[in-house]
Amino acid sequence: KFVALVAGFSPRDEDMLASIRNAAPFTTPSLHIHGDADALVTRERVCELAEFFNAPEFFFHEGAHGVPTSAAKRLKQFVAASSQTIAR
């Protein structure tokens, strides 16, 4: 198991946030992808969500709200490393 979150953010809904807090910390390997120019989701909210994971990894890019082609290599590395961990 692993998760890759693109512009994933901590929810504003207090009930949802409480549910996440109660379930945390998550041991699932996580990769958080976020663009420097994202006008929809702030870096702060991305990092707030990442705090719920034991060992979050990040890929920050110069783009906006999306996945640039530059993320492909990092995403492949993350998936490969996570898959090897799962196989052990």
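Select Arg43 first. At 27% relative accessibility, Arg43 counts as partly exposed; that class lies between buried, under 20% relative accessible area, and exposed, over 50% (1.4 Å probe, protein chains only). This is a predicted model, in which local features need pLDDT of at least 70, side-chain atom pairs count only at pLDDT 80 or more, and totals for chains, interfaces and linings use all residues. Residues are numbered from 1 along each chain as its sequence is written, and side-chain values use heavy atoms, with hydrogens and water left out.

The term stands for a side-chain nitrogen of Lys or Arg within 4 Å of a carboxyl oxygen of Asp or Glu. Asp36 is exposed, with a relative accessible area of 51%.

How many salt bridges are there by this rule? The count comes to 2.

For another salt bridge, select Arg74 and Glu57. Their closest N and O atoms are 2.2 Å apart. Arg74 lies in helix H3 and Glu57 in strand E3 (residues 57-61), so the pair ties together parts that are 17 residues apart in sequence. Helices (H or I, at least four residues) and strands (E, at least two) are DSSP runs, numbered from the N terminus. Helix H3 covers residues 71-87.

Is Arg74 buried or exposed? Arg74 is buried, at 19% relative accessibility. Glu57 is partly exposed, at 32%. Show the surroundings of Arg74 next. Not counting residues up to four places away in sequence, Arg74 touches Leu31, Glu57, Phe58 and Phe59; a contact has heavy atoms within 4.5 Å.

Move to Arg45, in helix H2 (residues 43-50). Arg45 is buried yet has no salt bridge. Which side chain of opposite charge is nearest? That is Glu48, 5.1 Å away. Here Lys and Arg count as positive and Asp and Glu as negative, while His and the chain ends are not counted. Look at Ser10 too: the side chain of Arg45 reaches the backbone oxygen of Ser10 at 2.8 Å. Leaving aside neighbours within four places in sequence, Arg45 is also in contact with residues including Gly8, Phe9 and Pro11.

Finish with the strands. Select E1 (residues 3-6) and E2 (residues 30-35). They pair in the parallel sense over 4 bridges; pairing requires that DSSP find at least two bridges between two strands. Val3 stands opposite Ser30 in E2. From E1, the chain crosses through helix H1 (residues 14-23) to E2, and this β-α-β crossover is right-handed. With the strands pointing away from the viewer, such a path from the first strand over the helix to the second runs clockwise.

Notes. A polar contact is a pair of N or O atoms within 3.5 Å; within protein, one must be able to donate a hydrogen and the other to accept it, and residues adjacent in sequence count only if both atoms are side-chain atoms.
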